[in-house]
Amino acid sequence: MHTIIMFEFVLYLVMMLVVGYVVSRRTKSHADFLLGGKQLPGWALAFSERATGESAWLLLGYTGFVFATGLSGIWVAAGIASGIIFAWLFLAKRFMKEAEETGALTLPSFLAQRFGKHGKVILWLSTILIFSFMMFYFGAQIAGAGKTLFAVFNIPPTVGAILSIVVVIILSYIGGFVTVVWTDMIQSLMMLVTLVVLPIVALFHISAADLSISQALTAAGPSMDSWTGGAIGFSLGLLLFNNFAWFFGFLGGQPQLSVRFMALRSKKEARTGSIVAISWTILAYGGAFMIGITALTLYQGQAFADVEMILPFMILDLMPPWIAGILLAGILAAIISTADSQLMVITSSVSEDIIRSAMNMKLSESKLVAISRITIICAGLVGLIIALTSKSLVFLVVSWAWAGVGCTLSPAIILTFFWKRYSGIGVIATIITGFLSTVLWISTPLEELATSRFTTFFIAAFAGIVFSLLFPDKEEKELDVVEEK
């Protein structure tokens with residue numbers, strides 16, 4: 001591998017550590033460590049939210065998916081983009097307002113405080129749900145980093161995973177949320193450059209070689225040039241529905257994303273953040289889709305052992321080394337930005353949700369920050385062990401983590417925001433039902449018929465509504481009696 005590319009990779013990692021150290025000096029209290037003290041600008045939070053939401057799955061997974069499926073891959077992007085836009089336009093300000101009123105620093109704490117009588121149970125259940133799925137999700141990111149470094153530099157995956165976890169732990173340890181947001185912002189820009197520049201360069205190569213995208217799609221397979229994948233009738237409905245179902249996981253239930261909304265400091269900052277996030281989403285997903293399509297055209301007839309490596313292959317093939325190093329660093333940026341945010345969610349689950357809230361331990365701010373930092377180190381090492389020893393389990397769990405966490409907690413958030421009769425028992429029913437339905441659904445052939453991303457959301461929502469009507473909160477019962485009189 002060219003020395004220039006290696007140098008730029010190392011320079012990128014050093015730059016992240018330097019930026020992380022500089023901004024970490026702003027962190028003083030436990031609230032600063034977990035939520036930034038509501039001092040971060042909306043545009044930085046938006047870049048961080050997008051970098052956190054889009055791991056290497058976007059740069060490696062989605063581009064490879066489009067390369068393998070053709071035009072019908074657009075519906076995944078449509079579902080995800082719709083969810084992101086909905087969240088920023090209709091949920092961000094509500095999260096900001098609720099965080100100000102309740103003083104909550106995490107998603108479980110917010111739900112617990114909204115339903116005080118059942119708060120402790122809600123806190124434990126939501127924390128266990130998040131911790132169990134997020135720990136494996138985090139381990140998968142580290143495994144993915146090792147895979148990327150192996151593909152680019154032929155570094156053994158174990159060594160690559162260890163190097164990645166060291167960077168992630170340091171970034172999270174030194175400044176918590178503030179450090180993660182500012183380094184995410186830089187990494188988000190690097191991801192965007194990769195996703196926008198590469199398809200433009202690919203189109204120039206296609207034009208210079210007088211190649212036809214439509215002809216390449218037709219030659220690639222009978223369904224590759226179809227926006228519906230060649231499906232008709234019921235099969236068409238399933239294809240569109242299952243791909244679009246990513247939408248339901250973005251409705252407030254992903255704690256690593258919702259915490260960015262909670263950190264917003266004003267409606268003006270929320271509007272700025274929404275413009276940045278929506279613009280980023282359109283450019284990034286449009287670019288990722290075009291990378292898959294242009295790769296089909298440029299490399300028609302070629303076989304790839306791993307289609308998820310199509311993006312780094314294109315970069316090395318089409319770009320001079322000094323540009324390739326920058327664009328390849330964007331892949332590692334995607335992984336690190338997601339991993340450090342997931343590590344902060346795991347940390348907040350321990351120090352804020354369990355120790356401070358559930359166990360009601362009265363500790364000083366400095367001790368809480370110290371506990372958070374110890375958790376970062378311990379959770380980071382556990383994530384590394386998971387990445388190195390249980391890869392099959394990691395990727396199996398991660399495949400449905402979106403349903404297990406996002407599509408379980410999203411109905412709880414939507415009902416909390418928009419339905420006054422939602423009760424504490426309803427929240428408990430939502431969480432338990434969502435968790436169980438995800439596990440049971442993916443363990444049967446039903447997953448092949450309809451994705452758990454859809455079924456979990458609606459089964460959990462239905463349970464929450466039914467149990468709220470059967471077991472309303474005391475205040476709700478009293479209100480009903482007054483209205484009847």
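**Charged residues and helices in a predicted model**

Lys267 counts as exposed because its relative accessibility is 54%, above the 50% cut-off. This residue is placed in helix H12.

**Positive surface patch**
- Lys267 belongs to a positive surface patch, together with Lys93, Arg94, Lys97, Lys268 and Arg271.
- Helix H5 (74-102) and helix H12 (267-298) are the elements that each give two or more residues to this patch.

**Salt bridges**
- Side chains of opposite charge can pair when their charged atoms come close.
- The count of salt bridges comes to 4.
- One of them joins Arg114 and Glu98, at 2.9 Å from N to O.
- Arg114 lies in helix H6 (residues 107-114) and Glu98 in helix H5, so this pair ties together parts that are 16 residues apart in sequence.
- Arg114 is partly exposed at 34% relative accessibility, whereas Glu98 is buried at 14%.
- In another salt bridge, the closest N and O atoms of Asp184 and Arg260 are 3.3 Å apart.
- Because Asp184 lies in helix H8 (residues 157-208) and Arg260 in helix H11 (residues 255-262), the pair ties together parts 76 residues apart in sequence.
- Both Asp184 and Arg260 are buried.
- Arg265 and Glu269 also form a salt bridge, with their closest N and O atoms 3.3 Å apart.
- Arg265 is partly exposed, at 35% relative accessible area, while Glu269 is buried, at 15%.

**Helix H7**
- Helix H7 (residues 119-153) has 35 residues and should span 51 Å at 1.5 Å a residue; its end C-alpha atoms are 49 Å apart, which agrees.
- Asn154 follows H7 and has a positive phi, near 60°.

Notes. Residues are numbered from 1 along each chain as its sequence is written. This is a predicted model: local features need pLDDT of at least 70, side-chain atom pairs count only at pLDDT 80 or more; totals for chains, interfaces and linings use all residues. Side-chain values use heavy atoms; hydrogens and water are left out. Patches are made of residues with over 30% relative accessible area and no salt bridge: like charges are joined within 9 Å, nonpolar side chains (Val, Leu, Ile, Met, Phe, Trp, Tyr) within 5 Å. Accessible areas come from the Shrake-Rupley method with a 1.4 Å probe; for residues, only the protein chains shown count as cover. A salt bridge is a side-chain nitrogen of Lys or Arg within 4 Å of a carboxyl oxygen of Asp or Glu. Lys and Arg count as positive and Asp and Glu as negative; His and the chain ends are not counted. The place of a charge is taken as NZ of Lys, CZ of Arg, CG of Asp or CD of Glu. Helices (H or I, at least four residues) and strands (E, at least two) are DSSP runs, numbered from the N terminus. Buried means under 20% relative accessible area, exposed over 50%, partly exposed in between (1.4 Å probe, protein chains only). The expected span of a helix is 1.5 Å times one less than its number of residues.
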